[in-house]
Amino acid sequence: MSHRRHLIDILVTATLLTSPAAAVAKDAAQQPAAQVGVGSQYDTTHVYVAPEDVDKFVASFLATFGGQSTKQVVATVTPMPSSTTSQLLQTPAGTVSVFGFKTPIPYPFGLERTGYLVTDIDEAIEVAKQSGADVLVATFPDPIGRDAVIQWPGGVNMQLYWHTTKPSYAAFETIPENRVYVSPERADAFTSAFLRFSHGKVVSDDAKAPGVEIGRPKDTYRRIRMESVFGKMTVLVTDGQLPFPYGRELTGYEVTNLKDTLAKATETGARILVGSFTSDRRESAIVQFPGGYIAEIHASAR
């Protein structure tokens with residue numbers, strides 16, 4: 001009996017060690033030593049809208065989530081000549097950096113999904129490269145610090161930034177989730193690389209998540225949820241055959257009451273693209289704000 005039990009233990013262990021989740025965890029354990037993150041309240045979603053839509057977007061977003069805006073300025077935020085309005089919308093559910101470019105947007109700006117504050121930009125770039133990221137835009141100065149744009153396996157672009165004067169922001173009431181769509185071929189590579197960089201952890205890895213979450217209720221897909229000093233991230237692993245607007249939403253915002261939040265959004269010009277549905281113990285919807293920004297909004301299911 002003990003010999004048989006020993007064989008079962010070996011088989012179970014072998015199965016666990018060869019599973020995708022175990023492979024990701026093993027890779028993530030080989031982390032660079034430095035922790036370069038600061039906190040989720042310093043991470044922003046980058047929102048690009050036409051200059052004539054900036055004020056409408058700002059009014060609708062703040063009416064929906066609360067919070068306030070920094071003073072709007074006109075600045076050059078790229079290493080090559082350009083001009084944009086720029087402001088930061090700080091809400092209890094998440095922060096966005098709003099850009100209204102008055103000139104054509106230099107490549108690859110506009111394709112990066114988020115900006116992450118780091119403790120040291122040069123060290124952060126080295127850690128990112130050691131973790132498997134590519135540097136799309138080398139470090140450059142901006143009016144208040146230094147920035148760079150990196151790309152993770154799977155084509156996920158992010159901006160890293162550092163401020164000359166250290167900022168101090170209040171923590172979020174609810175932490176937003178970065179929603180990343182990647183292919184099955186690159187999902188493990190992306191997840192392992194980002195976990196190494198962020199010193200994060202996998203909260204769940206569901207190989208058969210309900211397809212209703214990506215607009216395909218008859219199907220299933222793989223969903224990975226992670227957490228780190230940079231906040232929450234949901235990796236949606238799909239074949240790319242997604243109905244609009246899935247894949248267009250960059251961030252998911254958690255609220256207390258979804259119905260009330262959607263009412264505030266629509267009263268100020270936002271459109272509901274996907275009506276509320278319940279899955280994975282949350283009630284979710286997708287909205288489009290004035291200017292085109294698409295966001296997922298969710299609340300815990302009652």
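Predicted model: local features only at pLDDT ≥ 70, side-chain atom pairs only at ≥ 80, totals over all residues.
**Exercise 1. Find out what the salt bridge between R179 and E296 ties together, and whether its two residues are buried or exposed.**

Step 1. Check the distance. The closest N and O atoms of R179 and E296 are 3.9 Å apart, and the cut-off for a salt bridge is within 4 Å.

Step 2. Place the residues. R179 sits in strand 10 and E296 in strand 17, so the pair links parts that are 117 residues apart in sequence.

Step 3. Look at accessibility. Buried means under 20%. R179 has 6%, so it's buried; E296 has 3%, so it's buried too.

Step 4. Zoom out. R179, E296, D280 and R281 are among the residues linked in a network of salt bridges.

**Exercise 2. Describe how helix 4 and helix 5 pack, and which residues make the contact.**

Step 1. Start with the geometry: helix 4 (residues 121-131) and helix 5 (residues 187-198) pack at about 150 degrees, with axes 8 Å apart. The crossing is right-handed.

Step 2. List the contact. Helix 4 brings A124, V127, A128 and S131, while helix 5 brings A193, R196 and F197.

Step 3. Sort these residues: you get 5 nonpolar, 1 polar and 1 charged.

Note on methods:
Residues numbered from 1 in each chain as written. Heavy atoms only, no water. Axes fitted to C-alpha atoms, helices over the stretch in contact; angles between N-to-C directions. Helix = DSSP H or I, 4+ residues; strand = E, 2+ residues; numbered from the N terminus. Left-handed = near helix turned anticlockwise from the far one by under 90°. Contact = heavy atoms within 4.5 Å. Nonpolar A, V, L, I, M, F, W, Y, C, P; charged D, E, K, R; others polar. Salt bridge = Lys/Arg side-chain N within 4 Å of Asp/Glu carboxyl O. Buried < 20%, exposed > 50% of the residue type's maximum accessible area, 1.4 Å probe, protein only.
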